[in-house]
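I opened this notebook to keep track of what I looked up, one entry at a time. The structure comes first, and my notes follow below.

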Amino acid sequence: NVYAYSAQDRPDMPNEPEEPQEPEEPTGHWATAVISGPSQAKPGQNITLDIGVTDVVYGFTVLDATILYDPSLIEFELVQDGQGKWSLADEAIRSNRQHMQVIATAVRPDDGQIRLIAIVSGEEHAIADSGSLISLLGKVRDNASEGDTQVSIDQFEVSRNGKAGTVGLTGASTHTIQIDLNIPVPVPADKTALGQTIRDVEELLASTVEGNKLGQYRTGSKAE
């Protein structure tokens, strides 16, 4: 018998690969913003504030966020360009995702406002899971007065492939730090006694004699 097959019906022809389908764009927020840090700090203490997301429903590759803080209580290392504009110094910001880079920051020191813009290299690395994205590395001012101060995410916009979205702001988008002058400072452990014990053991080990006689240690025991 002779059978005729069309090109698409031939049994020896592989199926055409299907184009990967892009996830459907959500109608609401793409994720929820969170910020965290120490609950207490004292004047002069370094602090780390982590900015991240939870409940991600649509991955993004670009983020544009604005952070508010009280400049009379918290400070960050800044640099100024030739036009008098301020931005965060390299040591004041850190990306916490392998393929994400902070490409620009802008700071209004008098207003306590920081704007961050970051991008992800490659669609395959789009932010699609919960976790920390960026850390701000600051300090409580030496002359800060006691009381509560808040650091908050004021705006958080994202995009992917030309599509723009937003990240929801909730109570988790604001973090409160209690500034306390009386936070106890950890006392360094006194290792003098431990050092003396180690020296005594080393001296005892050095004085031991290996052998088969009474009072001697078995051969090889010092090496163990």
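I began with Gln 80, which I found in strand β6, residues 78-80, where a strand is a DSSP run of E over at least two residues, and a helix a run of H or I over at least four, each numbered from the N terminus. The model is a predicted one, in which local features need pLDDT of at least 70 and side-chain atom pairs count only at pLDDT 80 or more, while totals for chains, interfaces and linings use all residues. Residues are numbered from 1 along each chain as its sequence is written, and side-chain values use heavy atoms, with hydrogens and water left out.

Next I looked up the surroundings of Gln 80. Setting aside neighbours within four places in sequence, I found Gln 80 in contact (heavy atoms within 4.5 Å) with Lys 85 and Trp 86. A polar atom of the Gln 80 side chain lies 3.1 Å from the backbone oxygen of Gly 84. I also checked Ala 106, which is 26 residues from Gln 80 along the chain, and their C-alpha atoms are separated by 9.9 Å.

I then turned to strand β12, residues 147-160, which pairs with strand β4, residues 62-68, in the antiparallel sense over seven bridges; two strands pair if DSSP finds at least two bridges between them. In this pairing, Thr 66 has Gln 155 of β12 as its bridge partner.

Which strand pairs with β12 over six bridges? I found that it is β14, residues 174-179, again in the antiparallel sense, with Ile 179 in β14 as the bridge partner of Gly 147.

The pairing of β12 with β13, residues 163-168, is antiparallel too and has four bridges, and in it Glu 157 stands opposite Thr 166 of β13. The hairpin of these two strands has two residues between them, and there I noted that Asn 161 takes a positive phi near 55°.

My last entry concerns the chain as a whole, whose secondary structure comes to one helix and 14 strands. Of its 224 residues, 31% are buried. Of the contacts between residues at least 6 apart in sequence, 71% join residues at least 24 apart.

Notes:
Polar contact = N/O pair within 3.5 Å; in protein donor to acceptor, adjacent residues only side chain to side chain. Buried < 20%, exposed > 50% of the residue type's maximum accessible area, 1.4 Å probe, protein only.
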